[in-house]
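Let's take a walk through a protein together, one stop at a time. Keep the picture at hand, and look up each residue as we reach it.

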Amino acid sequence: MEEEIKAEFTRNGFNFDDEEEILQKCLTFCIQYKLSASDLVSSWDIYSLNRGLEFTVRSSHMGAFLEQLQREQVDKVKQKDSGLHLYSNDVAMILHGNIEETEVIPDTPNAKGTSAQEKLSDSAQKTTGGKFTFEKPLESVTPFGSRKNKFVVQTTINEQPNIQTIKVEEDRENSEDDIIKRVQPSQKCSLLIDRSQPEPGCRFMYDRIEDKFDFMENCIKKRAAAYVSSGQYEEPVDPSVASQKSIFAVGMICCEEEGRLKEKPILLQSSVEHSGGQRVRLDLQKLNQFSIFPGQVVGIEGHNPSGHCLIASKIIDSVPSSITSTEQQPSKRQALDHVIQSSKVSLIVAAGPFTTSDNLLFEPLTELLSYARRKQPQLLVLLGPFIDSDHPNLRKGTVDQTFDDMFRLEVLGKLQDYVEYMGSSVNVILMPSFRDANHDFVFPQPAFEIRPADFNHQIYSVSNPGMFSANEVKVACCTVDILKHLSAEEICRNPQGGSKQRLTNLAKHILNQQSFYPLYPPAEEVPLDFSLANEALQFSSVPDILILPSDLAHFVKVLSLGEGNDREEQDKCLCINPARLARGEGGGFFVEINYCGNPDSSTASIIRI
């Protein structure tokens, strides 16, 4: 099995600093926790992304990686029985497999099998060297009420000297006025909901096979038309036809069967118009760099000498920007520059859950609103889930009120108090999640049925995903964890010494594909309705701010699209993963943004709640 583990790491672009020792430890993990090679590498992929590690797997990281595997096993057991309470001894028994079997199978293992197990156990003990054991305690989580380092900035880009910092005085039990320095109120921003599809009350989960086919066909045809209209590429041809000369084709990356791309041959499915929807095997051996995933629509330059395999010489995963008339007319360009300079807005963004897993008091939300009262941003953006269906109390059914009542009292009630305190200078945007127990379980998802008139036209809801403009600044959001889903399905190859910023590359896929969820087939937990996807998931222009909440590591990055383009300044986007406001029983993070004309001159900070 060591060879399978090594092959799986290699397929994902990883290498080792001590191959023999690492593979022995990984083999032990697989047997101990009954993991396949692909499951183990997927867990390592998430571990390395969250810690910003390079593509070299180091033996020194195995101890912390084991802790993550242990936490995953505990989570799996809890999910099987939400009413199960795990004591410390129970956790140890589960992790070490020391659980008494209810059925005893009368069978005697052969000597060969027994010796193999003993050899594996001895090998595992030898490789630990007394420092790497299964008895290492799990990482504890600080309860929210007793947390330290409140409102500490974790990450900042384009920090300016006039940004006010926050001081925490632990020895003083004063009000939060001593913790957060109050600033002067700002002017109210103009707000325009650019898109909100689907509409509340829409008919969903009645999609047919034809809807899935139409969705994929439209994606391919739109991308092919965009390549041609850019003037840099010819009309695409059928990639399944044998040809000795170089051709240009457009199609969707897919697997031969349902499953992970890295485990199956890579295929390219072209449109019905160009190839009758046929698929052809894709050979990427000649490429020294690529990043692909199932559902990605790309342009391929290559040749197909046999008619059975398209040998790629180049992959084009983004549409080049075409020259517009604003570059030729100075008056229009000056007007555009004036709009960009006036595009300024301050906002605070947080993603749910908004309460800790040990209660439904919504303490993190209360703390966030207290911070916002002092900093007084023009816009507060809250992304679901609000009433999290994965919360232990909701799963056990121990709540004594309806989900709608809980949302109205604990969320809308607190927000109404907030806007009344702030006055007319602030707006609040809410976006649901399909994990919200009080809302439709579908993606794309309609907005909450909130009447802005009931809240003095200061609290609004947008669909998931959705886009809106605040002071001419375009903001796009999606509460589905597309970054995590892409990280599990993407395969990539990087040249020696090339860029290894995987989180940046994952976020770029969203902008290059011009889709909030370009992955197909979707992850199992995503209730994707293809009858609604055509209008709701696609976007045509690059937003100024892209917010993608994820369980992966939080980040703030300026993404540059269309490298080598003369109009590079108009192809940049401020991309943010604010992480979660609450993490288990502890606090999480949120983001504070001051957008000033363009991403390069804007400031953004990830702050611990």
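Buried residues make up 49% of the 609 residues in the protein chain. Please keep in mind that this is a predicted model. The chain holds 15 helices and 24 strands.

Let's begin with the helices at the start of the chain. Two packed helices are described by the angle between their axes and the distance between the axes. Take helix α1 (residues 2–11) and helix α2 (residues 19–33): their axes come within 9 Å and cross at roughly 110°. Angles of 65 to 115 degrees count as roughly perpendicular, so that is the word for α1 and α2. On the α1 side, the residues that meet α2 are E2, I5, K6 and F9, and their partners in α2 are E19, L23, Q24, C26, L27 and C30. Sorted by class, this contact has six nonpolar, one polar and three charged residues.

Helix α1 has another partner, helix α3 (residues 37–51). The axes of α1 and α3 come within 9 Å and cross at roughly 45°. Are they parallel or oblique? The angle makes α1 and α3 oblique to each other, and their crossing is right-handed. From α1, the residues E4, I5, E8 and F9 take part, while α3 brings A37, S38, L40, V41 and W44. Here the classes are six nonpolar, one polar and two charged.

Now let's look inside. In soluble globular proteins, nonpolar side chains tend to be buried together. In this model the largest nonpolar core has 47 residues, and those with the most contacts inside it are F443, Y517, V526, L546 and L548. Which elements give two or more residues to this core? They are the helices α7 (209–229), α13 (482–489), α14 (502–513) and α15 (530–536), together with the strands β5 (243–255), β19 (555–560) and β20 (572–577). The largest share, six residues, comes from α7. Apart from this core lies another one, of 36 residues, with L369, V411, M422 and L581 among them.

Leaving aside residues up to four places away in sequence, F443 touches N464, P465, C478, V480, Y517, V526, P527, L528, D529 and L537. Two of these partners, Y517 and V526, are also listed with F443 among the core residues with the most contacts.

Most residues other than glycine have a negative phi, and most peptide bonds are trans. The peptide bond from F443 to P444, however, is cis, with omega near 0°. P444 sits in the loop between β13 (427–431) and β14 (459–461). A cis peptide bond also joins N464 and P465, with omega about 0°, and P465 is in the loop between β14 and β15 (466–470). Remember that N464 and P465 both touch F443.

What about phi? H457, in the loop between β13 and β14, has a positive phi of about 55° although it is not a glycine. At 43% relative accessibility, H457 is partly exposed. E472, in the loop between β15 and β16 (473–477), has a positive phi too, near 70°. With a relative accessible area of 53%, E472 counts as exposed, because the cut-off is over 50%.

V152 lies in the loop between α6 (111–128) and β3 (153–157). Although V152 and I607 are 455 residues apart along the chain, their C-alpha atoms are separated by 5.5 Å. Beyond its sequence neighbours up to four places away, V152 touches I606, I607 and R608. V152 is partly exposed, at 31% relative accessibility.

H308 is in the loop between β9 (297–304) and β10 (309–316). Is H308 buried or exposed? Its relative accessible area is 62%, so H308 is exposed. H308 and A242 are 66 residues apart in sequence, and 7.6 Å apart in space from C-alpha to C-alpha. Not counting residues up to four places away, H308 touches V280 and R281.

Key
Residues are numbered from 1 along each chain as its sequence is written. This is a predicted model: local features need pLDDT of at least 70, side-chain atom pairs count only at pLDDT 80 or more; totals for chains, interfaces and linings use all residues. Side-chain values use heavy atoms; hydrogens and water are left out. A nonpolar core is a set of buried Ala, Val, Leu, Ile, Met, Phe, Trp, Tyr and Cys residues joined through side-chain atoms within 4.5 Å. Buried means under 20% relative accessible area, exposed over 50%, partly exposed in between (1.4 Å probe, protein chains only). Helices (H or I, at least four residues) and strands (E, at least two) are DSSP runs, numbered from the N terminus. Contact means heavy atoms within 4.5 Å. Axes are lines fitted to C-alpha atoms, for helices over the stretch in contact, and angles run from 0 to 180 degrees between N-to-C directions. Angles under 35 degrees count as roughly parallel, over 145 as roughly antiparallel, 65 to 115 as roughly perpendicular and the rest as oblique. A crossing is left-handed if the near helix is turned anticlockwise from the far one by less than a right angle, and right-handed if clockwise. Ala, Val, Leu, Ile, Met, Phe, Trp, Tyr, Cys and Pro count as nonpolar, Asp, Glu, Lys and Arg as charged, and the others, Gly among them, as polar.
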